[in-house]
Amino acid sequence: MAKISDQDRQMYQEKVKYYVSMTKVLLDTEKKLSQEAKKNTPDSSMRKLTLADEMLNLASYYIAINGMSQAVLKTKNEESLNDARKSLYKAVIYLEEVVSNYIDSPYSDYEAKLLAISSFDPNQRYNLICKMGLAIDMLEQAYGDNSKWRWTFVELEGRFAATAKNIIDLKSIYVNMSPGAEFYESSVYHLRLIKKLLAQSADRYREKYELSTGQTLDFKTGINFLGALRRLHIILAENEESQEIKKKLTIWSTKLETDLKKQEEAKKKK
């Protein structure tokens with residue numbers, strides 16, 4: 001790596017000054033809001049939604065700092081990227097606390113949680129999910145294809161997919177998906193995004209299992225995401241799509257059973 005000149009260092013410090021100052025402001029904001037959210041008042045869930053949004057803002061500033069580092073110093077700022085990753089995890093955790101982290105569960109299991117954010121309309125929910133997805137994509141791109149965090153993103157993306165599903169009010173979805181309804185467009189796009197995220201997480205967990213960990217828990221998690229996708233198709237009366245996922249679930253489950261038997265046989269031979 002080429003030596004970084006003092007002039008470049010000074011230029012870099014000038015360019016990131018604003019972003020660094022904003023990270024400090026947002027960290028102070030998080031501290032204040034998190035203390036208020038812990039009081040378990042009726043608006044605690046709404047405060048956590050605000051916290052999730054602010055953590056996405058924080059991540060974007062850290063990503064911008066890394067961008068400046070690459071542009072001016074021609075090197076990644078690993079510290080800023082790691083801070084961005086931690087901020088994204090915080091955002092997902094805050095959202096999980098509001099809507100749950102269930103993957104393949106009946107809507108009734110977490111329906112009560114959504115009552116606390118009834119004032120957060122479908123447009124706002126969809127926009128927050130889009131913002132989170134964009135931030136995750138930007139961070140992955142910033143790290144690059146050969147990052148040591150490659151497989152860590154499988155978990156982050158999976159948790160994001162689950163919250164993207166759980167934040168939508170499935171009881172009012174039929175009304176919102178009627179052409180002419182106030183939230184028709186955001187509801188249609190949100191559901192389309194959920195289906196994509198669930199399918200993607202299923203594939204990514206299976207990929208992680210086969211190419212990285214070999215741990216059956218990863219494969220089982222992938223199967224859970226397929227189950228969640230099929231459950232959504234059933235709720236939406238999408239019978240053809242539901243049957244396709246059912247076939248895929250059967251194939252994956254059979255594969256898992258075969259692999260488990262092989263592992264047991266290998267243990268016995270030792």
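What is the volume of the second largest pocket? In this predicted model, the second largest pocket has a volume of about 220 Å³. Local features were required to have pLDDT of at least 70 and side-chain atom pairs pLDDT 80 or more, whereas totals for chains, interfaces and linings use all residues of the predicted model. Residues are numbered from 1 along each chain as its sequence is written, and side-chain values use heavy atoms, with hydrogens and water left out.

A pocket is an open set of points on a 1 Å grid over the protein atoms alone, with protein on both sides within 12 Å along at least five of seven lines; a cavity is a set of points where a 1.4 Å probe fits but cannot get out, and lining residues have an atom within 4 Å of a point. Points are joined across faces, edges and corners, and a volume is the space filled by probe spheres set on them.

The second largest pocket is lined by 18 residues, and Tyr107, Arg125, Ile168, Asp169 and Ser172 lie nearest its centre. Two or more lining residues come from each of helix H4 (111-115), H5, helix H7 (173-176) and H8, helices being DSSP runs of H or I with at least four residues, numbered from the N terminus. This lining comprises seven nonpolar, six polar and five charged residues; Ala, Val, Leu, Ile, Met, Phe, Trp, Tyr, Cys and Pro count as nonpolar, Asp, Glu, Lys and Arg as charged, and the others, Gly among them, as polar.

The largest pocket has a volume of about 280 Å³. Its lining contains 16 residues, of which Gly133, Asp137, Leu193, Lys196 and Leu197 are the closest to the centre. Helices H5 (122-143), H6 (152-166) and H8 (184-213) each supply at least two residues of this lining, and H5 gives the most, with eight. Nine of the lining residues are nonpolar, two polar and five charged.

One cavity of 30 Å³ or more was found in the whole structure. About 60 Å³ of space lies in the largest cavity, whose lining includes Ile103, Tyr107, Lys165 and Arg231. Helix H9 (residues 216-235) provides the largest share of that lining, four residues.

Glutamate 30 is located in helix H1 (residues 6-37). This glutamate is buried, with a relative accessible area of 9%, buried meaning under 20% with a 1.4 Å probe and protein chains only. The side chains of glutamate 30 and tyrosine 94 are joined by a polar contact of 3.0 Å.

Note on methods. Buried means under 20% relative accessible area, exposed over 50%, partly exposed in between (1.4 Å probe, protein chains only). A polar contact is a pair of N or O atoms within 3.5 Å; within protein, one must be able to donate a hydrogen and the other to accept it, and residues adjacent in sequence count only if both atoms are side-chain atoms.
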